[in-house]
Amino acid sequence: MSIGESPHKIINNIKCRNFGSTPHHFLRPMLSDKELLHLLALQRVPNLGHVSAKKLLHTLGSATAIFEEKKSNLMKIDGIGELKIRDLHLDPLLTQAQRELHFIRQQGISVHYFTDPLYPNGLKHCHDSPILLYSKGNIDLQHKKIISIVGTRNASSHGIAFCEQLLEELAPLDPVIVSGFAYGIDITAQKKATQLGLQTIGCLAHGLDRIYPRVHAKYCSRIEAHGGFMTEFRSDAAFERTNFIKRNRIIAGICQALVVIESGEKGGSLVTADIANSYHREVFAVPGRPGDPMSVGCNNLLKTHMAQPITTAADLIYMMGWKVTSESSRGQQMALFGELSAEATSLRDHLLKHGKSSLDDIAIALAWPTHRVASLLLDMELKGRIRPLPGKQFEAI
């Protein structure tokens, strides 16, 4: 197809076959080239947002049917006015969509359609989620615990250390770590995830034809090997400030839990937390010292009950109900993780002798730092050696 080819000839030349040149794991079984072309064109219609586009798709059944329907009939659909569909049949839309289709094929990009079984499940329940997502890499979100981690771009050494420790403690759960591939906390979380062999997804505020920030390009191959990148933006979309807000709603919607690690009084992390709350996601924030500029945002989230405090991974696991309690899985857990360390054995002996105890009581009794006890308790819970109880107490099994 040449760039100057007629859009109507483009449609006639496309065979209705499966879009087989793209990795299959996020494709509709019957998504033909023709339908995908019309979906790509639908995304370009000025004034037609995702909510209205979904309404049209639900009503008419396909993007192809939308383009073949008369405007007068489309305007009879509730909420669809003349302004939204005024430019629907412009020829340049199909010409530009064909260029995008060629780019998708050439780059081996996966396409996620919003009704597909393998479209990110969390986003399916967000009314303003995109009708199409694009991704590269080895992404598998099926039956996974998905945690989004965000924070300031000017992370302190304390924030970076906390982020890395948190992921080490979460690693036995094999979660998917989602972030925005930005400076600071975002890239710290994603780098650490790859080091631990965890799947990680970078949600981008631009198309897959570029990478931002460019200095992070050196991490791309590692992240694609342990997950990949996801975006709603086409390759020729303008790179604008408002894209970051749109990107943040993907980070918020895709996860089951969102963790904010360090934030100033204002910032994208707080916007993401606000969106996550509107989507009814569990939001966690790391408490900070009063007066610390990088803790103001987190402390405000906690003060206004917009987030739960998190000081160790055990807090998140407890609040999410991600507990190891199955008798049938305990033997497998023990075989998988091996014998307890000397410290963990001492801790378990203490619980066996004294019965259920709180984290603070254990730390005092054993004269160990609280953070070390919390880490051991999490490790032992995941190995099936202890169980958490109401009131943040623990008992040996």
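Mentor: Here is the cavity, then the packing, then the confidence.

This is a predicted model, where local features need pLDDT of at least 70, side-chain atom pairs count only at pLDDT 80 or more, and totals for chains, interfaces and linings use all residues. Residues are numbered from 1 along each chain as its sequence is written, and side-chain values use heavy atoms, with hydrogens and water left out.

The largest cavity holds about 50 Å³ of space. A cavity is a set of points on a 1 Å grid over the protein atoms alone, where a 1.4 Å probe fits but cannot get out; lining residues have an atom within 4 Å of a point. The count of cavities of 30 Å³ or more is three.

Among the lining residues of the largest cavity are Arg153, Phe181, Cys203, His206, Tyr212 and Arg247. The lining divides into eight nonpolar, two polar and two charged residues. Here Ala, Val, Leu, Ile, Met, Phe, Trp, Tyr, Cys and Pro count as nonpolar, Asp, Glu, Lys and Arg as charged, and the others as polar.

Phe181 lines this cavity and also belongs to the largest nonpolar core, of 73 residues. Such a core joins buried Ala, Val, Leu, Ile, Met, Phe, Trp, Tyr and Cys residues through side-chain atoms within 4.5 Å; buried means under 20% relative accessible area (1.4 Å probe, protein chains only). Phe181 is among the five members that touch the most others, with Leu42, Leu57, Leu132 and Leu258.

Mean pLDDT, the predictor's confidence in each residue from 0 to 100, is 86 for the chain.

Notes. On a 1 Å grid over the protein atoms alone, a cavity is a set of points where a 1.4 Å probe fits but cannot get out, and a pocket is an open set with protein on both sides within 12 Å along at least five of seven lines; lining residues have an atom within 4 Å of a point. Grid points are joined across faces, edges and corners, and a volume is the space filled by probe spheres set on the points. Buried means under 20% relative accessible area, exposed over 50%, partly exposed in between (1.4 Å probe, protein chains only).
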